[in-house]
Amino acid sequence: MRHRAFIALGSNLGDRVAMIEDACKRMDSTGVIKVLRTSSLWETKAMYVLNQDKFVNGVCEVATSLSPIELLDQLQSIENSMGRVKFINKGPRNIDLDILLYDDATFSNERLQVPHSLMLERHFVLQPLCECVSSLPYFNLPAHISLPAGSFQYHLSNLSPLEDPISPLTPLAPSQPPISAYHSSRDTRIMSILNITPDSFSDGGKHYNLDESKLCETITSHVAAGATILDLGGQSTRPGAAQVSETEELARVLPAIKLIRSLPETKHVAISIDTYRAGVATEAIRAGADMVNDVSAGLMDTEMFSTVAQLGSTVCLMHMRGTPETMSKLASYPDGVVETVGRELLDRVIEAEAAGIRRWRIILDPGIGFAKNQEHNLELLRRLGELRRHPGLDRLPWLVGTSRKAFVGRITGVKEADQRTWGTAAAVTAAIQGGADIVRVHDVEEMGQVAKMADAVWRV
């Protein structure tokens, strides 16, 4: 499949993200189209026909063996198979697949014009297209008699500013709205830590082998205190932690997932499975978890990325080096910790996308405390805003976990991890100022209040 094309993706009916993901799967299943990577997804107001619901829009780069007209026929066949009915031109539709570019070619007949004739007037096309083409050699508009020359970024920057700026979105769970990472007034999500282990650094044993009624009480109290994500872990990742078997890890987390899914108080909550094992991720998602939180970003299990792609779930990729046993010896960043973490996370994002994980399904984590010393942790918090803008990582949401960590104890002089609430509060505020979308915490009620106050100051 030697040809490259860029396809606009759009939907404003039904589960819009699911429609776009289904269309991408159907393209891959043809055998003559292969989705190479995708942009973020952007929610936008409708153009032209204004009295309709908001659209979700994106762009994908594909490889294909088809000619432009054959590709158009295949895309329209996919639209038809998904039940698209065109009532009015530019009106509501459950799926819309348009060819924007095909190699560096120009093509025009009564059915198709490439480059797309209206692409230069649409924020919702140019914004995701610029994400896809920024690192490619063919990022300028192919010469065309009816379209002005120039880079896509140039054309985007010359559009009139939108009254309601658009933001990329990242779905977490069907029960709650997606993260809008660049919406200035967004609320910070509270991820509650629920370690089902005997040996985690702060709360080891607290939730281990609890009877169902006590575990239920803990879960509902976290949700009542403001947690919208519950992060379940059956394997400690503290420095030097012993690794248990996959069977043991599953035995710890699966009953908790099933319990959460049975409770009416948690119907709006997203469940995250904190694991680096693909097999655990698979069984957890099947049991009712919504996302995977992998501290190794796919490095400790080579099957993780392909597994997450098949599951279609959101994944958090955290920066770490080595393993929990060896990471403390690998905290060396001669090129600077922010620059190096950005570069190494970008490598993981590229590999995740190559495995079929959609960009709109990726969350990043700088890995505070993982292969980092105290100064590294502090610099990452100070310069999180810069890290968010690292080329290739911009537009992605970020999760930051500082809760009760050792560097907080060293700075504040508090030896007992569960007494580090005040130091954690300051670190959480710094993370939110830097742009974190999710904070991962032990003290849900206290950090929920901290997040609300920090949001009031910084999310304006």
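Guide: E21 is buried, and R361 is buried too.

Visitor: What is the cut-off for "buried"?

Guide: Buried means under 20% relative accessible area, with a 1.4 Å probe and protein chains only. This is a predicted model, where local features need pLDDT of at least 70, side-chain atom pairs count only at pLDDT 80 or more, and totals for chains, interfaces and linings use all residues. Residues are numbered from 1 along each chain as its sequence is written, and side-chain values use heavy atoms, leaving out hydrogens and water.

Visitor: What makes E21 and R361 a salt bridge?

Guide: Their closest N and O atoms are 2.7 Å apart. The rule asks for a side-chain nitrogen of Lys or Arg within 4 Å of a carboxyl oxygen of Asp or Glu, so the pair qualifies. The two residues lie 340 residues apart in the chain. E21 sits in helix α1 (residues 16–29), and R361 in the loop between α9 (337–354) and β14 (362–365). Helices (H or I, at least four residues) and strands (E, at least two) are DSSP runs, numbered from the N terminus.

Visitor: How many salt bridges does the rule give?

Guide: The count is 26. D96 and R93 make one of them, with closest N and O atoms 3.2 Å apart.

Visitor: Why is D96 called buried?

Guide: D96 has 11% relative accessibility, so D96 counts as buried. R93 has 14%, so R93 counts as buried as well. Both residues belong to a network of salt bridges that links E79, R84, R93 and D96.

Visitor: How do you know that R359 and E353 form a salt bridge?

Guide: Their closest N and O atoms are 3.6 Å apart. R359 is buried because its relative accessible area is 8%. E353 is buried because its value is 9%.

Visitor: What classes of residue line the largest cavity?

Guide: There are 3 nonpolar, 2 polar and 4 charged residues. Gly counts as polar, and Asp, Glu, Lys and Arg count as charged.

Visitor: How does a pocket differ by definition?

Guide: A pocket is an open set, with protein on both sides within 12 Å along at least five of seven lines. The largest pocket has a volume of about 870 Å³. Of its 39 lining residues, the closest to its centre are E43, S167, S180, H183 and R186. Helix α14 gives the most to the lining, with 6 residues. By class, the pocket lining has 14 nonpolar, 11 polar and 14 charged residues.

Visitor: What makes a nonpolar core?

Guide: Buried Ala, Val, Leu, Ile, Met, Phe, Trp, Tyr and Cys residues, joined through side-chain atoms within 4.5 Å. The largest one has 73 residues, and I219, V292, L317, I362 and L364 touch the most other members. Helix α6 (residues 246–262) gives the most to this core, with 7 residues. Apart from it lies another core of 28 residues, including L71, L75, V114 and W360.

Key:
Buried < 20%, exposed > 50% of the residue type's maximum accessible area, 1.4 Å probe, protein only. 1 Å grid on protein atoms, 1.4 Å probe; cavity = no way out; pocket = protein on both sides within 12 Å on 5 of 7 lines; lining within 4 Å. Points joined across faces, edges and corners; volume = space filled by probe spheres on them.
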